[in-house]
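Please open the model in your viewer and keep the sequence beside it. The stops below say what to select next and what is to be found there.

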Amino acid sequence: MSRSERALLAGALISALAVRGRLIWAYPDNFSMDGYQRWAGRDHLLVQDWLPATQSIIHLVSSLGGGILEMRWAMAIIAAMAVAAAAMVVREMGGLLAGWLFIPLSMFGPFLTWSTVPYQEGTYLLTVLGAVGLVLRGQRL
């Protein structure tokens, strides 16, 4: 990985996490019915009809003694990693400038909000965009 690619990855990760951290600081409570249900079911991997990937993260945070804030930080970290993966995908498809220009677009309000509570969007995007990024770079898992 080149120096410019590492800078893009770090810039995307740090900026995405900083904005989400500010949002968690301003609004520390979990919200929405789905968010409440996921936290209430933190001792279970299968909650309703949701895929268990996000619930396994919630379960892990809870089993390590974490509370709602720690769970929200875990979700924010996953979402920041998804933004970094997306920036690298865009970089592979459109060049370095396109990768940098993607970062402000990733600060879409609803995604910021949804990715700091226990919703599936951040986990899903990290999985999909991480895989696409590896394929575009010619790497395999």
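A patch, as used here, is made of residues with over 30% relative accessible area and no salt bridge, in which like charges are joined within 9 Å and nonpolar side chains (Val, Leu, Ile, Met, Phe, Trp, Tyr) within 5 Å. Accessible areas come from the Shrake-Rupley method with a 1.4 Å probe, and for residues only the protein chains shown count as cover. This is a predicted model, in which local features need pLDDT of at least 70 and side-chain atom pairs count only at pLDDT 80 or more, while totals for chains, interfaces and linings use all residues. Residues are numbered from 1 along each chain as its sequence is written, and side-chain values use heavy atoms, with hydrogens and water left out.

**The nonpolar patch**

Select Leu 13, Ile 14, Leu 69, Trp 73, Ile 77 and Met 81, which together make a nonpolar surface patch of about 520 Å². The elements that give two or more residues to this patch are α1 (3-26) and α4 (68-94), helices being DSSP runs of H or I with at least four residues, numbered from the N terminus. The most comes from α4, with four residues. Now pick out Ile 14, which is placed in helix α1; Ile 14 is exposed, with a relative accessible area of 59% (exposed means over 50%, buried under 20%, and partly exposed in between).

**The salt-bridge network**

Next, select Glu 5, Arg 91, Glu 92 and Arg 137, which are linked in a network of salt bridges; a salt bridge is a side-chain nitrogen of Lys or Arg within 4 Å of a carboxyl oxygen of Asp or Glu. Is Glu 5 buried or exposed? At 6% relative accessibility, Glu 5 counts as buried.

Methods
Buried means under 20% relative accessible area, exposed over 50%, partly exposed in between (1.4 Å probe, protein chains only).
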